Amino acid sequence: MPDRLIDLRSDTVTLPTPAMRRAMAEAEVGDDVFGEDPTVNRLEEMAAERMGKEAALLVTSGTQGNLVGVLSHTRRGDEVILGDQSHIYHYEVGGCAVIGGLQLHPLPNIDGMIDPAEIEAAIRPENIHHPRTGLVCIENTHNRNSGAVLDRSQISAICQVAHNHGIPVHLDGARIFNAAVALGVDVRTLTEPVDSVTFCLSKGLSAPVGSVLCGSREYIATARKYRKMLGGGMRQAGIIAAAGIVALTTMVDRLAEDHENAALLAQGLAELPGIALDPAKVRTNIVIFGVTAPIGAAGLVRALKERGILCNATAPDRIRMVTHYGIERTDIETTLRAARDILAGVMISAR
Ligand SMILES: Cc1ncc(COP(=O)(O)O)c(C=O)c1O
């Protein structure tokens, strides 16, 4: 295997920048559970301002942000409407059910969207037999839908339905800055209609740890208690927040580079035999493609790994690759050359 790995498994593998490491070393800190960490307080103010919300809360991860976010909107026995391909539904260990006592009501996700008419139909009318519909969750960009982007009109359409029934909307915006950069809009355009948003400082923004939950002052006060309950009350967390501040101030605009690399990767892969991919679906930094070649997804992942390229099979016939800070255009070219060689060999031997 080559010395240098090209790691396309996820944007969670990004390493902190030198500026982040310096900021962490020099961070002014205090006890954040007492509200006395000046660096955490500064990050939370910045994040709230950036998202156009009154207040913000630093949490340990996107998963904790979503769980605290959902708990703070709901009560036990409520039903939560969300996408059937959403991260909360698939990858958060059933936390809403286990810890929140919540019932999840999944609706079809198509290109990241949930049809507002289906949400309208899924909202429970008052009836002694029904759970109360307590929340609608959306995701932008959409992880399992190839990093699909929801624009303002789509978000507003969903929020309008929910709000007409007095139901709040939580946005899992782990990669909301990718959406804003792809659309060329201020991130507030996408967060203004929702009641709460979680975004990740790790992933594309490259901070080592942390996500932020944003919402009204009252909502964040509730969330602060839930975070403590879940063991997320950190002490001198300014060490983490310092990297988050660097992430927010220096790492957002460069996401465009990741999107260009993903587009290049998608176009190149689409031309290969044994790959099924519509490059027009790739709007941000996530490339998901079908493997129709006899090698299968696991075989192709293995063969790429032997050439120093890491990616994940997400199904027996599907692979996911993610571009991020640390992946250069030349890495994409290397990946495409390797995939072409492997698949050419496989297709010849299958004849
Ligand atoms: C859309 C989405 N939401 C939430 C998360 C959870 O973030 P974390 O891994 O920090 O818990 C992820 C992680 O990949 C994600 O893709």
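Angles under 35 degrees count as roughly parallel, over 145 as roughly antiparallel, 65 to 115 as roughly perpendicular, and the rest as oblique. This is a predicted model, in which local features need pLDDT of at least 70 and side-chain atom pairs count only at pLDDT 80 or more, while totals for chains, interfaces and linings use all residues. Residue numbers start from 1 along each chain as its sequence is written. The briefing covers a helix pair, a domain contact and a sheet.

**Helix pair α8 and α12**

- Helix α8 spans residues 176–183 and helix α12 spans residues 255–270; helices (H or I, at least four residues) and strands (E, at least two) are DSSP runs, numbered from the N terminus.
- Their axes come within 9 Å and cross at roughly 75°; axes are lines fitted to C-alpha atoms, for helices over the stretch in contact, and angles run from 0 to 180 degrees between N-to-C directions.
- α8 and α12 are therefore roughly perpendicular to each other.
- Phe177, Asn178, Val181 and Ala182 of α8 meet Leu255, Ala256 and His259 of α12, where contact requires C-beta atoms, placed from the backbone, to lie within 7 Å.
- This contact has five nonpolar, two polar and no charged residues; Ala, Val, Leu, Ile, Met, Phe, Trp, Tyr, Cys and Pro count as nonpolar, Asp, Glu, Lys and Arg as charged, and the others, Gly among them, as polar.

**Domain contact**

- The domain assignment gives domain 1 (6–13 + 254–350) and domain 2 (18–250), with bounds from an automatic or database domain assignment.
- Taken over C-alpha atoms, the centres of domain 1 and domain 2 are 29 Å apart.
- The contact takes 16 residues from domain 1 and 16 residues from domain 2.
- On the side of domain 1 that touches domain 2, the elements giving two or more residues are α12 and β10 (286–291).
- α12 supplies the largest share of that side, four residues.
- The residues of that side of domain 1 divide into seven nonpolar, five polar and four charged.

**Sheet and its helices**

- Four strands form an open sheet in the order β9-β10-β13-β12, with antiparallel pairing; strands pair if DSSP finds at least two bridges between them.
- β9 (275–276) and β12 (312–315) are the edge strands, each pairing on one side only.
- β10 pairs with β13 (residues 318–322) in the antiparallel sense over five bridges, and Val287 stands opposite Met321 in β13.
- α12 packs on the sheet, touching β9, β10 and β13, and its direction makes about 10° with that of β10.
- Helix α13 (residues 296–306) also packs on the sheet, touching β10, β12 and β13, and its direction makes about 175° with that of β12.

How values were computed
Two residues are in contact if their C-beta atoms, placed from the backbone, lie within 7 Å.
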